[in-house]
Amino acid sequence: MESLSGRKKVLEQKPMTFMERIYLPAIFKGMGITFMHMFKKKETTYYPEQEREFSENWRGMHSLKRDENGKERCTACGLCALSCPAEAITMTSAERQKGEEHLYREEKYAAVYEINMLRCIFCGLCEEACPKEAIYLDGPIVPSEFLRKDFIYGKDKLVELSITDLEAQKGVLA
Amino acid sequence: MELAFLIEKVAVVVILFVLTLTIAAYSTLAERKVAAFLQDRVGPDRAGPFGVFQPLADGGKMFFKEETTPNGANKWLFIAGPSLALLTSFLGSAVIPWGQPINFFGRIVPLQVTDINVGILYIFGVVSLGVYGIMIGGWASNNKYSLMGAVRGASQNISYEIAMGLSIIALLLVTNSLSFKVIAEQQHGINWNFWYQPLGFLIFLVCAFAETNRVPFDLPECETELIGGYNTEYSGFKMGAYMFAEYINMFVSSAVMATLYFGGYNYPGMDFVNQHLGTTWGPLVGVAVLLGKILAFIFFFMWVRWTVPRFRYDQLMNLGWKILIPLAIANIVITACVITFFDKF
Amino acid sequence: MILFYLVSLLTITFSLLVIFTKNPIYSVLYLIATFFTFTIHYVLLNAQFLAVVNFIVYMGAIMVLFLFVLMLMNLNKETEPMKSTLIKIIAVIAGGSLLVTLIGSFKQLDALGISTINKPEIGLVENLGKVLFSDFLLPFEVSSILLLSAMVGAVLLAKKDKTDNG
């Protein structure tokens, strides 16, 4: 049948020549190729010690951001939990008390904020849903654990360090 | 039987046993390392420097892993399968001469467990027994994939044994002896049988790949078609026994090939070395040379494994029956003609 | 001598087990064990070549094929074919006549007196080969022709009929 596109190619299979049929030259050629690979540069990255650069649109572990004064941005509006397709996020809101203005930016804040990393699919919808720019998936790879309960990350692991804490840490390192 | 003789034999056996186990254990590491190097990776390197303790870690894991026996499996035969595979793989190394007789504190000790004058046939017998481990284990698992693997293993081994035997017959025409000791002694220096029997060696090599169930002939455990083949249902130490048996088979067949075709413990310039090092250290150099040849063969096995893809089953049978057997017979005829010709004139 | 009696006892036990086990696979496995004890017997008789050949051919090849076929057929107790009384009677008669023949031959052996061979190395490969290719050349070649014709017959049987599938 005439092909409609006119681009049909009939594959011609020639009978193999004697050299091809004895098969051994091809094997030796292949073995030569694999042998040369022994001396090539190894592609391995020694992971825990060495880390590859992440791409710009990499989505890793979540972090809850602070504003320029070190106050937590999150107001526990729940939009992230609502947008989450895997239902990995839960939170409990609380009202800001007197004397806590330096900790939380608005009158309402998340007293408990938990992400179940086993459920999370790192889609980034929470990041898009957040009106306060409080959550970003800009962290590293979520480390492995032995127990399921250890994968439920609370605020202790999610909230980014305040500037004072960061400076204190730097002081320890320096 | 005098006591010293007994001690000497026991010592040789124990050393050989330990050596075989060590080489088999480290073959597992070498396999992964070679695979990694051929694929631009580094392979296991976490357990100890360059991963040298990896076999220990693997062994430990294998011992402590849960062993499951499938429902409806034949309990006794399920255990007998891997045991038999391991047993037959060990038997082969008994007739290999590992070196010239060594002077050990004034006592001449032959470095061979036993020299029976039908050594080559003995190796054949052991190799042909090896298939029972696979067959019994595969059948006892009560699993159709295992059974398929077992059936494939059996037919493959029987088919390639014929070509192997025929290729050996041509070698026997050259050597005039069935004893490994005599054959090794004949190949003094670099007078190796390979120069007389290159075609025979090629046939033997291909058959050795098939008999040890190595890629490209690993159809009994072909993962893409049979899950794990005959060892699908095995776990823990029984699985380890099968794996070990495969590596020991590889070691023994490498030793047989090195002894039959590549001179065993012989190397060019051995007389010079023996004169200067004496009768204790000289033979030890020969042992080291033999081990080097064996390791080279094991590397070759692995190298092929990570280069050549698996054959299809009908291709395997075609190769065995329609190519290797006629080739081997032609080899016998040619060898016989040439020998008769040279004897007459 | 103790070894001989021990091995003989094992041989008889295994051969009885071959008959009395229900599962055909077990029967084959016991048969393999029986052949193994035969091999030991040959070694005890200093017939190394026969021992190894028995080992390779019977244990290594023929029994593998037996096992192979049985595994493919997957015979169980349930699928075992019914044995009619007629077959049983025929089997008894056949077995009985074999027994009578054996006893008769033993009687003749007694009459001849046990012949002893005083060359212990007769079973070694070299001597065996020399005898086979000089004194017994004709029977040897005739048996090889027999085997060859059997092989040709097997190939013919296994070959597909070309006229059948066009």
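The model is predicted: local features need pLDDT of at least 70, side-chain atom pairs count only at pLDDT 80 or more, and totals for chains, interfaces and linings use all residues. Residues are numbered from 1 along each chain as its sequence is written, while chains are lettered from A and ligands numbered from 1 in the order in which they are written.

Chain B contains eleven helices and two strands. Helices (H or I, at least four residues) and strands (E, at least two) are DSSP runs, numbered from the N terminus. Along the sequence, the pattern of chain B is α-α-α-β-β-α-α-α-α-α-α-α-α. Its C-alpha atoms fill a box of roughly 65 × 50 × 50 Å along the principal axes. For 345 residues, a compact globule would have a radius of gyration near 20 Å; chain B has 21 Å, which agrees. This radius is taken over C-alpha atoms, and the globule rule is 2.2 Å times the number of residues to the power 0.38. Of the 345 residues of chain B, 46% are buried. A residue is buried if 20 or more other C-beta atoms lie within 10 Å of its own, exposed if 12 or fewer, and partly exposed in between, with C-beta atoms placed from the backbone. Contacts were also examined by sequence separation. In chain B, among contacts between residues at least 6 apart in sequence, 79% join residues at least 24 apart. Two residues are in contact if their C-beta atoms, placed from the backbone, lie within 7 Å.

Helix 7 of chain B (residues 198-211) is mostly covered, with ten of its 14 residues buried. Among them are B:Phe201, B:Ile203, B:Phe204 and B:Glu211.

The contact between chains B and C takes 19 residues from chain B and 16 residues from chain C. On the chain B side, helix 4 (119-140) and helix 5 (144-175) each supply at least two residues. Helix 4 of chain B gives the largest share, nine residues. By class, the chain B side has 15 nonpolar, four polar and no charged residues. Ala, Val, Leu, Ile, Met, Phe, Trp, Tyr, Cys and Pro count as nonpolar, Asp, Glu, Lys and Arg as charged, and the others, Gly among them, as polar.

Chain A holds an open sheet of three strands in the order 2-3-5, with antiparallel pairing. Its edge strands, strand 2 (89-95) and strand 5 (152-153), each pair on one side only. Strands pair if DSSP finds at least two bridges between them. Seven bridges join strand 2 to strand 3 (residues 108-116) of chain A. A:Met91 has A:Tyr113, in strand 3, as its bridge partner.

A:Leu103 lies in the loop between strand 2 and strand 3 of chain A. A:Leu103 is partly exposed, with 14 other C-beta atoms within 10 Å. Beyond residues up to four places away in sequence, A:Leu103 touches A:Lys71 and A:Glu72.
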